[in-house]
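Trainee: I have a chain to go through with you. Shall we take it question by question?

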Amino acid sequence: MADDYVRRTAITRLEVTDEQRDLLEDTISEWKRGCQLATDMAWGKYNAKSDVQPLAYDTVREQTDLGSQHAILATHQAAQAITGCIERRSNGKKVSKPTFTAPTVKYDIRTMTLFDDDTVSLSTTESRIRCDLALPDADDGYQRQYLDSDTWSVTESTLTARDGDYFLHIGFRRHKTDTERNTAEDGTVLGVDLGVENLAVTSTAYFFSGRELTHNLREFETVRAGLQQTGTRSAHRTLEQSSGRELRYVRDVLHRASNAIVDEALRYGCDVIAFEDLTNIRDRTGASWGHKWAFRTLYEQVEYKAESVGVSVKQVGSACTSKRCAECGFTADENRPTRNDFRCVKCESEANADYNAAKNIGLRYVRRGQQSSRRTGNSQLALKSGTMTPSGGFTAHPEGFEAEFTDKSHPPRATPSG
């Protein structure tokens, strides 16, 4: 079962020749066509892989240059996309038939083979090609813990074209240990709130500003809209270059933010990092599509970085986390007089709104342990000044305590109470 596995992704650039580049470009193009053909045929009829594959496989094989296994994977991708639409529709969202424009193609163990000499063999529309993995020079690059391990096995992966380069997102999985399968997930919890003004705020009052990211995303969107409207070949080339710069910039910001969150969890001895459910975060925060992608990517980065150092990452329900007072529990719209401020109309406590939400997110996971048959209910919320239990009990950090044992620098902290 899927729940019995721990999954990770290792990303590496490929060293490709001009001939290989052309083959990969053709494969991506045919992949997008195959996925669209399968989707067009199944839309409004089926969404299960077991139904879409027999319906669309022959057509995909006949009308594209995809090999047999890639044709199967294309029908599965179509099924997955349609299922996503059905789930969004069930949540009251308007949906339209999926379209496939991203420069990607899926691979599995039948279409991709990794070798011990740091090369990979990939199926294309014409033949298999063998490319070098452009791994970091250092032997301790994070990819090595998966590539050189007998514990992790390769699973479904994704090839992505970006700014003239090709990147392989290699999927790995391993069986959960008995401890991971059975151990109750209690301990100290770090709550994390994601947003536009502040990209991330933790229950320990760590603020990672989102203003620069928001400004640059808007600038990128303005430039992109202008180039798309121009429509010339030159504009298209400039658009591709701009998109590459945007992606590199955003990934760098998310890399720094995810490192900061994991460092904060380690600094305060946390066992769990709790995020709010990301399903409808765009509606809750008023974020752009670019923000929604950034939130999801940030969560995934925190997940693999945290779990590699023994910290679990979870999501909890998002209802009322922005309107509930983390001090007394009173919930009301009036508690949020402005976007950035929280003032409880009952107990009159005041806080930064994102900080209050981060504490509520962490508290929701802590309280959930009291009702869980798999947990003991012994969780506590990490705060800057101490820890808080589900019943509201507070334990201050010892006098002179400095929750600091790494030498990494971070942006200045805001200092709300708590």
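This is a predicted model: local features need pLDDT of at least 70, side-chain atom pairs count only at pLDDT 80 or more; totals for chains, interfaces and linings use all residues.

Mentor: Start with Phe394, which sits in strand β17, residues 394–396.

Trainee: Is Phe394 buried, partly exposed or exposed?

Mentor: Its relative accessible area is 44%. Buried requires under 20%, and exposed requires over 50%. Phe394 therefore counts as partly exposed.

Trainee: Which residue lies 22 residues along the chain from Arg367, with the C-alpha atoms separated by 8.7 Å?

Mentor: Arg367 belongs to helix α10, residues 353–371. Its relative accessible area is 28%, so Arg367 is partly exposed. Arg324 and Pro390 are its contacts once neighbours within four places are left aside. The residue 22 places away, at 8.7 Å, is Thr389.

Trainee: Where is Cys325 placed?

Mentor: Strand β12 covers 312–316 and strand β13 covers 341–343. Cys325 falls in the loop between β12 and β13.

Trainee: Why does Cys325 count as buried?

Mentor: Beyond four places in sequence, Cys325 is in contact with Phe330, Asn335, Phe342, Cys344, Cys347, Ser349, Asn356 and Asn360. Asn360 is 35 residues away in sequence, yet 7.8 Å away in space by C-alpha atoms. The cut-off for buried is under 20%. Cys325 counts as buried because its relative accessibility is 0%.

Trainee: How many residues apart in sequence are Val120 and Leu14?

Mentor: Val120 is in strand β4. At a relative accessible area of 0%, Val120 is buried. Its contacts beyond four places in sequence include Leu14, Ile129, Cys131 and Leu168. The C-alpha atoms of Val120 and Leu14 are 8.8 Å apart, and the separation in sequence is 106 residues.

Trainee: Now backbone angles. What is phi of Asp118?

Mentor: Asp118 lies in the loop between β3 (112–114) and β4 (119–123). With 21% relative accessibility, Asp118 counts as partly exposed. Most residues other than glycine have a negative phi. For Asp118 phi is positive, near 65 degrees.

Trainee: And Ala205: what is its phi?

Mentor: Ala205 is in the loop between β9 (198–202) and β10 (207–209). Its relative accessibility is 0%, so Ala205 counts as buried. Its phi is positive in a residue other than glycine, near 70 degrees.

Trainee: On to helices. Are α1 and α2 parallel, antiparallel, perpendicular or oblique to each other?

Mentor: Helix α1 spans residues 18–42 and helix α2 spans residues 49–63. They pack at an angle of about 135 degrees, with axes 9 Å apart. Roughly perpendicular ends at 115 degrees, and roughly antiparallel begins over 145. The two helices are therefore oblique to each other.

Trainee: How many residues of the contact of α1 with α2 are nonpolar?

Mentor: From α1 come Arg33, Gly34, Leu37, Ala38, Met41 and Ala42. From α2 come Val52, Leu55, Ala56, Thr59, Val60 and Gln63. Three of the contact residues are polar and one is charged; the nonpolar ones number eight.

Trainee: Is Glu30 buried or exposed?

Mentor: Glu30 is also placed in helix α1. Beyond four places in sequence, Glu30 is in contact with Thr64, Asp65, Leu66 and Thr125. Its relative accessibility is 11%, so Glu30 counts as buried.

Trainee: Last, the chain overall. What percentage of its residues count as buried?

Mentor: The protein chain has 10 helices and 17 strands. Among contacts between residues at least 6 apart in sequence, 65% join residues at least 24 apart. Of the 418 residues, the buried share is 44%.

Terms used. Residues are numbered from 1 along each chain as its sequence is written. Side-chain values use heavy atoms; hydrogens and water are left out. Axes are lines fitted to C-alpha atoms, for helices over the stretch in contact, and angles run from 0 to 180 degrees between N-to-C directions. Helices (H or I, at least four residues) and strands (E, at least two) are DSSP runs, numbered from the N terminus. Angles under 35 degrees count as roughly parallel, over 145 as roughly antiparallel, 65 to 115 as roughly perpendicular and the rest as oblique. Contact means heavy atoms within 4.5 Å. Ala, Val, Leu, Ile, Met, Phe, Trp, Tyr, Cys and Pro count as nonpolar, Asp, Glu, Lys and Arg as charged, and the others, Gly among them, as polar. Buried means under 20% relative accessible area, exposed over 50%, partly exposed in between (1.4 Å probe, protein chains only).
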